[in-house]
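Subject: Handing over a structure, with notes

Dear colleague,

I am passing on the structure below, and I would be glad if you kept it open while you read the notes that follow it.

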Amino acid sequence: MQRSIDELESIVRDRICRVCSDRTASGECGLEEPSSCALFHLFPQVAQAIQSVRSDDICDYIDAIRGEVCSVCEQQNAQGSCEARQQVRCSLDAYLLLVVDAIEEATGKKFNRKDLSQGAGGSGRVRPHFRL
Ligand code: SF4
Ligand code: SF4
């Protein structure tokens with residue numbers, strides 16, 4: 001199913017912001033600069049990266065995100081490390097599994113959850129064990 005970037009962003013915002021630990025009690029984004037949220041600041045690249053993968057292995061999605069999103073994100077340094085990622089402050093990284101799930105569901109793809117590792121960018125801000 002084809003979806004526009006705007007449609008996908010709206011679906012992902014609805015799914016992720018409601019569980020994001022940076023959301024305030026009144027339902028607003030609690031970041032000092034909400035537009036700096038890497039998930040939505042770079043959403044076209046995020047959607048492109050996720051849709052370019054056809055795999056049941058979440059690691060393939062992580063590779064795509066690192067290659068297509070982190071590589072152009074101002075938070076990542078020349079050595080390829082990212083303080084926001086290390087401190088679990090990047091919503092894209094922290095909620096990657098939910099983001100993948102939302103986009104796959106919206107575009108009619110199936111994601112084989114049984115092959116996923118526990119804590120793989122899951123519903124909480126838990127550092128996945130396979131983090132690069
Ligand atoms: S940090 Fe990002 S994901 Fe979290 S509430 Fe703000 S805009 Fe939504
Ligand atoms: S993990 Fe770091 S480099 Fe990658 S999108 Fe998030 S903030 Fe940007």
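To begin with a term that will be needed throughout, a residue is called buried if 20 or more other C-beta atoms lie within 10 Å of its own, exposed if 12 or fewer do, and partly exposed in between, with the C-beta atoms placed from the backbone. This is a predicted model, in which local features need pLDDT of at least 70 and side-chain atom pairs count only at pLDDT 80 or more, while totals for chains, interfaces and linings use all residues. Residues are numbered from 1 along each chain as its sequence is written, and chains are lettered from A and ligands numbered from 1 in the order in which they are written.

**Overall build**

The protein has seven helices and zero strands, where helices (H or I, at least four residues) and strands (E, at least two) are DSSP runs numbered from the N terminus. Of the 132 residues in the protein, 28% are buried. If two residues are said to be in contact when their C-beta atoms, placed from the backbone, lie within 7 Å, then 60% of the contacts between residues at least 6 apart in sequence join residues at least 24 apart.

**The nonpolar core**

A nonpolar core is a set of buried Ala, Val, Leu, Ile, Met, Phe, Trp, Tyr and Cys residues joined through C-beta atoms within 7 Å. The largest one here holds 29 residues, of which Val46, Ile65, Leu92, Leu96 and Val99 touch the most other members. Two or more residues of this core come from each of helix 1 (5–16), helix 2 (38–41), helix 3 (43–51), helix 4 (58–68), helix 6 and helix 7 (96–106). Which residues does leucine 92 touch, if those up to four places away in sequence are not counted? They are Ala38, Leu39, Val46, Ile65, Val69 and Val99.

**How the helices pack**

Two packed helices are described by the angle between their axes and the distance between the axes. Axes are lines fitted to C-alpha atoms, for helices over the stretch in contact, and angles run from 0 to 180 degrees between N-to-C directions; those under 35 degrees count as roughly parallel, over 145 as roughly antiparallel, 65 to 115 as roughly perpendicular and the rest as oblique.

Helix 1 and helix 3 pack at about 95 degrees with their axes 10 Å apart, and they are therefore roughly perpendicular to each other. In this contact Ile5, Leu8 and Glu9 of helix 1 meet Phe43, Pro44 and Ala47 of helix 3.

Helix 3 and helix 7 pack at about 75 degrees, with their axes 10 Å apart, and are therefore also roughly perpendicular to each other. Here Val46, Ala47, Ile50 and Gln51 of helix 3 face Val99, Val100 and Ile103 of helix 7 in the contact.

The buried residues of helix 3 are Phe43, Gln45, Val46, Ala47, Ala49 and Ile50, and what covers them includes helix 1, helix 2, helix 4, helix 6 and helix 7. In helix 7 the buried residues are Leu96, Leu97, Val99, Val100, Asp101 and Ile103, and they pack against helix 1, helix 2, helix 3, helix 4 and helix 6.

**Single residues to look at**

Most residues other than glycine have a negative phi. Valine 88, in the loop between helix 5 and helix 6, has a positive phi of about 55 degrees although it is not a glycine.

**The two ligands**

A residue is taken as near a ligand if its C-beta atom, placed from the backbone, lies within 6 Å of it. Around ligand 1 are Ile16, Cys17, Cys20, Asp22, Arg23, Cys29, Leu31, Pro34, Cys37, Leu39, Phe40 and Ser91. Around ligand 2 are Ala38, Val69, Cys70, Cys73, Gln75, Gln76, Cys82, Ala84, Arg85, Cys90, Leu92 and Asp93, with helix 5 (83–86) and helix 6 (91–94) each supplying at least two residues of the shell.

With best wishes
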